[in-house]
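This report covers selected helix contacts and several loop residues. Please read it alongside the sequence and the model.

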Amino acid sequence: MATMLDRRTLLAGAGATLAAPALARLAAPVSFVDYPFQLGVAAGDPDSRGFVIWTRLAPRPLEPDRGLGARPALVRYEVAEEPSFARLVAEGETIAWPELGHSVHVTLDTLRPDRVYHYRFVAGGERSVAGRARTLPLPSAEVASVRLGVAGCQDYQSGLYTAFRHLAAEDCHAIFHYGDYIYEYGPRAAVFSWGLGQMVPTVRRHIGPEIFSLDDYRRRYSEIRLDLDLQEAHRSAAWLASYDDHEVVNNWAGEVAPGDVPPELFRLRRAAAMQAWYEFMPVRADALPRDGLSGPWRQYRFGRLVDARLLNTRAFRSAQPCGGRFGSLCPEIRDPKAEMLGRAQEDWLVRGFGDARWNALLQQVMMMNLERARAPEPRGVNVDSWAGYLAPRDRLLSRLDRVPNLVVLTGDEHQHWAGEVRRSNARPDSPAQAIEFVTTSISSGSDGPGTRADHAAILARNPGLAYIRDERGYSVMTITPDSWTAEFKVVDTVRSPGGRLSTHARFRVPAGAARLERA
């Protein structure tokens with residue numbers, strides 16, 4: 001049990017649990033002007049011994065001091081195997097620090113493997129709702145099945161979070177969030193729908209203009225987290241949380257922001273965004289930003305069945321090629337000095353794969369090298385994806401050449417996609433190296449038409465591509481020793497409450513063959 005008393009050490013740990021006398025000296029029980037747990041609870045970053053549990057004290061969530069001022073506050077946490085909480089298996093007290101916006105991250109590390117637990121918080125005589133999360137199996141365990149949810153791209157203004165309410169009912173072992181949890185834009189009357197080719201009215205509005213400061217980012221996250229459908233998804237399972245670009249600003253890459261913003265100024269904005277992301281995500285203490293950047297990559301072992309690697313494709317990449325123009329083509333996409341993961345992350349990734357039946361890359365941007373030209377360009381790619389970074393892409397695939405049963409899970413595209421991954425110089429009829437499942441957006445893009453006008457041409461130009469669908473939703477992966485099955489879920493509307501859920505497509509990958517089969 002940690003016994004450090006100075007605030008700098010506590011902030012460095014960000015999740016340490018203190019002895020009772022130390023807690024009493026540093027913070028006292030408080031009373032609140034309103035219910036303090038309005039932003040809900042969450043869990044994340046599971047392993048075989050536990051996971052992180054999260055909440056944030058916010059009796060007035062949209063005010064800069066959250067209605068709490070600058071005082072630390074005591075928070076109690078309780079963990080049980082039964083939803084009744086009749087017998088606690090873990091409990092304690094921690095401090096909600098004003099330096100971290102009164103967020104709480106508690107790392108549980110005394111739980112049993114492959115078990116469902118329930119958790120809740122108490123502060124100032126008030127009790128939070130209960131959340132549910134599952135520990136991972138031991139790395140050596142034989143596991144019969146894993147069920148993994150995938151979601152992201154949740155522009156608040158474009159639509160309701162109906163899909164999250166449905167995802168909460170899927171009984172997933174964990175949920176991978178691929179990023180774009182918030183969007184940085186100010187309030188908008190309309191957004192462009194790529195599927196419909198026109199502007200459509202927004203469904204709801206952001207509070208305040210485009211965000212730049214720490215207070216701005218905190219307010220935006222608080223606005224989003226007040227959504228009850230999102231809170232239900234957080235309560236339902238442990239999240240494997242990552243970020244993409246909109247958590248800072250659209251299309252940022254490393255230390256480069258769009259436009260002519262000097263890097264030293266962009267780093268200030270990025271630092272504010274990174275702190276807010278940490279404050280609101282159920283992530284471990286090593287995700288606390290250092291030098292203005294939160295960049296840990298993760299490994300999640302579901303026994304001997306799945307070795308899942310959560311990657312960071314945004315913080316360590318070089319600047320976008322071709323001036324960032326989607327659907328263009330330029331010599332820069334083959335720049336041998338370009339980076340996507342950075343060498344340290346890439347080396348960690350390729351060294352670690354071992355004895356798991358399935359190996360998975362959980363990341364943010366599409367890995368398939370697809371022909372995506374837009375008029376008047378005769379040829380082109382999505383330069384924000386791995387297709388704009390062919391040298392590091394081909395190098396990574398070469399280094400992963402002997403990794404069997406490789407599946408890539410991706411977001412960003414606001415559509416469902418399924419297809420095969422090959423090196424850029426490989427013949428289209430050569431064996432695929434991996435299968436990629438790209439999951440559509442929760443709300444970004446608003447309601448889609450299902451089939452876009454350009455889908456047939458994209459499928460025809462890319463023989464390794466099997467499926468595209470433009471609707472909002474999420475996906476669920478069911479993994480067994482014999483197969484990996486992806487279910488592409490869609491809701492019929494995010495523009496009004498009550499959107500109905502359906503499974504539009506189901507694909508199966510047999511173990512031992514990087515091949516897509518309709519299931």
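A polar contact is a pair of N or O atoms within 3.5 Å; within protein, one atom must be able to donate a hydrogen and the other to accept it. The model discussed here is predicted.

**S446 and its surroundings**

S446 sits in the loop between β19 (434–438) and α9 (455–461). A polar atom of the S446 side chain lies 3.0 Å from the backbone oxygen of S158. With relative accessibility at 1%, S446 counts as buried. Apart from neighbours within four places in sequence, S446 is in contact with S158, V200, R472, V494 and R495.

**Other buried loop residues**

| Residue | Loop between | Relative accessibility |
|---|---|---|
| S446 | β19 (434–438) and α9 (455–461) | 1% |
| C153 | β9 (146–151) and α3 (162–168) | 0% |
| C322 | β15 (306–310) and α7 | 3% |
| S128 | β7 (126–127) and β8 (131–134) | 7% |

Buried means under 20% relative accessible area. C153, at 0%, therefore counts as buried, and C322 counts as buried at 3%. S128 counts as buried too, at 7%.

Phi of C153 is near 50 degrees, a positive value in a residue other than glycine. For C322, phi is near 55 degrees, again positive in a residue that is not glycine. Most residues other than glycine have a negative phi.

For S128, the contacts beyond neighbours within four places in sequence are with Y35, F37, V41, R120 and F121. S128 is also 51 residues from Y77 in sequence, while their C-alpha atoms are 9.6 Å apart in space.

**Helices α4 and α6**

Helix α4 (residues 214–225) and helix α6 (residues 263–280) have axes that come within 8 Å and cross at roughly 35 degrees. This crossing of α4 and α6 is right-handed. On the α4 side, the contact is made by L214, Y217, R218, Y221, S222 and R225. On the α6 side, R269, A272, A273, Q275, A276, W277, E279 and F280 take part. By class, the residues of the contact between α4 and α6 are 8 nonpolar, 2 polar and 4 charged.

**Helices α7 and α8**

The axes of helix α7 (residues 343–352) and helix α8 (residues 390–399) come within 10 Å and cross at roughly 25 degrees. Because angles under 35 degrees count as roughly parallel, α7 is roughly parallel to α8. The crossing of α7 with α8 is right-handed. Which residues make the contact of α7 with α8? From α7 they are R343, E346, D347, L349 and V350, and from α8 they are R395, L396 and R399. The residues of this contact between α7 and α8 divide into 3 nonpolar and 5 charged, with no polar ones.

**Helix α5**

In helix α5 (residues 228–236), the buried residues are D229, L230, Q231, A233, H234 and S236. The N-terminal end of α5 is capped by D227. A side-chain oxygen of D227 lies 2.9 Å from the backbone nitrogen of D229, and D229 is among the buried residues of the helix.

How values were computed. Residues numbered from 1 in each chain as written. Predicted model: local features only at pLDDT ≥ 70, side-chain atom pairs only at ≥ 80, totals over all residues. Heavy atoms only, no water. Axes fitted to C-alpha atoms, helices over the stretch in contact; angles between N-to-C directions. Helix = DSSP H or I, 4+ residues; strand = E, 2+ residues; numbered from the N terminus. Parallel < 35°, antiparallel > 145°, perpendicular 65-115°, else oblique. Left-handed = near helix turned anticlockwise from the far one by under 90°. Contact = heavy atoms within 4.5 Å. Nonpolar A, V, L, I, M, F, W, Y, C, P; charged D, E, K, R; others polar. Buried < 20%, exposed > 50% of the residue type's maximum accessible area, 1.4 Å probe, protein only.
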